[in-house]
Structure formats: C-alpha cells, structure tokens
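Me: Please take me through some labels in this model, setting each value against the cut-off behind it.

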Amino acid sequence: MITLFTTAEAINLKQVESTNSYLKELAKQKEIKEGTWVQAEYQTLGRGQIGNTWEAAAGQNLLASYYLKPKYLKANQGFWLNMSVCLALYDTLKNFYIPAQIKWPNDILVGQSKVAGLLIENTIVGKNIDTAIVGIGLNINQRKFKSSKATSMVCVLNKNLALADVVSVLQSALSLRYAQLKNTGQASIKQAYVKHLYGWHKAVMLQDAGGFFAGSLSNVDSNGMLTVTKSSGAKQRYAFKELRFLL
Ligand code: BTN
C-alpha cells in the first residue's frame, strides 16, 4: 500500500454495527492515528446517506472506514474530501477495467446502477475540519441485491475478486487522491471529479420540487452545490436532497 501514514493501524472485524460508528466510539476513548483503517466482514447496522441503511451480504463486499485529520480544510470545505474519495473509488474500479461514473454528490455508478457509496462524518474545531471518518461501501462479490438499482464488481466482470486485492488498490488510490487534495488543493480534484460526473454537460432526466425535466450538470461549487442547465437554457442551483436523478 502506498500510504501517507506508515504507522497507521488496520483493524479487521468479523462483525460490527457500523465501521463508522466503531471509529466514532474509539475516538471518544483514545487518540486515533490518521490513516487508521477499520474493516468489517459484516455490519448489523450499516449506515447510508440521509439516514438510510446500507445492506451488504457477509464477507462479500468492502465495508470500511478510514480515519483522517484534514485540518487544513475549512468547515465548509468538506465537499473537497468527498470529491477526492469519489475519485479514489473511480480509480479503483478503473484499475479492474470497470468504467464508472460519479452520481453527484457521492454515489458511484456502473451504467445506471450503484456499485459504491460513501458516508463521511466530520468533526469541526473552530473554523476547520478536525477529523473525518470516511465510510466506504463497495460491492465486490455479491451477485444478488434487494434493490434493482444496485450492482457489484462481480456482476460486471462475471468473476470473483479477492477482497484483499481490491482493498489494496483502494487504499493506494485513497492515499494518492488525499495527497493530491492536500498538495494541490481543490482545483485539480474538482477538474477530475466533474469529468466523471453522470450528466456532466449531457442531458439527463432529473426531478426537483417542480417535477421532472431534462437538464445537464454545468457546475459544482466548492461547497458542493450543483448547477443544472435546463433544456430552456435556465440555470438552477441545488443542494443535496433537492434533486433526484431518474436512473
Ligand atoms: C450511501 O448511502 O450511499 C452511503 C453508504 C456508506 C456505507 C458505508 S459501509 C462502511 C461504512 N459504515 C457504515 O455504517 N456506513 C459506511
């Protein structure tokens, strides 16, 4: 693994409620090193975005949380880390010859199905981010899902992968993208992120409070707000949860 944090610990668990919650509790008890990695074979209470649960069959997928201290990011720059992690997932899939796209703000798609999601939980001290728990769910060897909108790497490749191989590629990608963010700032990360966005300068079907419409994604602010250009030419900005993609 190419890592910025050579002394960081890796914690492997058979079963846990949630790897994010585990790290959160651990941080209350002791000082955790940046780069600490917690991975579980199974989560009994896996958490997803907007209070959803994250379901994943035991031992077949990547369920992990990465502990970071991006203290150089302002409290309102959390989206920069979000973009970096999305790119690391994109890079990982590319490494296995799987063409992915990012569905704003942080779902990873293959075709129109979701292969990975992330849940980043930050703590703030003063005006800056102090710690970030980066929770990642990447579907690897699971073939059947309750949701018709989910997929996995095996569904695309039709061959099982060794979890450890995927983890190693992902850890390197995370480390590289995190270093890129830290060293070159947001601009280069944003440039790469938008390039892989589903619907970037391309009409897709969307839904907002006013109903269904066709629009293309034309900008993402540094705080993660999305600008959509409607087919009429009108532009509108959206926060997360104000816009739905019809996949
Ligand atoms: C989403 O809803 O798209 C986000 C899913 C994030 C799931 C991962 S699995 C590992 C980590 N622990 C959790 O409880 N959630 C995240």
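**Labels and their cut-offs**

Me: Why is Phe240 called partly exposed?
Reply: Phe240 has 35% relative accessibility, and partly exposed covers the range between buried, under 20% relative accessible area, and exposed, over 50% (1.4 Å probe, protein chains only), so Phe240 counts as partly exposed. This is a predicted model, in which local features need pLDDT of at least 70, side-chain atom pairs count only at pLDDT 80 or more, and totals for chains, interfaces and linings use all residues. Residues are numbered from 1 along each chain as its sequence is written, and side-chain values use heavy atoms, with hydrogens and water left out.

Me: Why does Trp104 count as buried?
Reply: Trp104 has a relative accessibility of 3%, and therefore counts as buried.

Me: What makes Trp104 and Phe240 an edge-to-face aromatic pair?
Reply: Rings of Phe, Tyr and Trp (its six-membered ring) pair if their centres lie within 6.5 Å, with planes under 30 degrees apart counted as stacked, over 60 as edge-to-face and the rest as tilted. For Trp104 and Phe240 the centres are 6.5 Å apart and the planes stand at 90°, which is edge-to-face.

Me: How do you know that the charged end of Lys230 sits over the ring of Phe213?
Reply: The label requires NZ of Lys or CZ of Arg within 6 Å of the ring centre and within 35 degrees of the ring normal; the charged end of Lys230 is 4.4 Å from the centre of the Phe213 ring and sits over that ring.

Me: What makes β9 and β10 paired strands?
Reply: Strands (E, at least two residues) are DSSP runs numbered from the N terminus, and two of them pair if DSSP finds at least two bridges between them. Five bridges join β9 (residues 211-220) to β10 (residues 226-230), and these strands run antiparallel.

Notes
Helix = DSSP H or I, 4+ residues; strand = E, 2+ residues; numbered from the N terminus.
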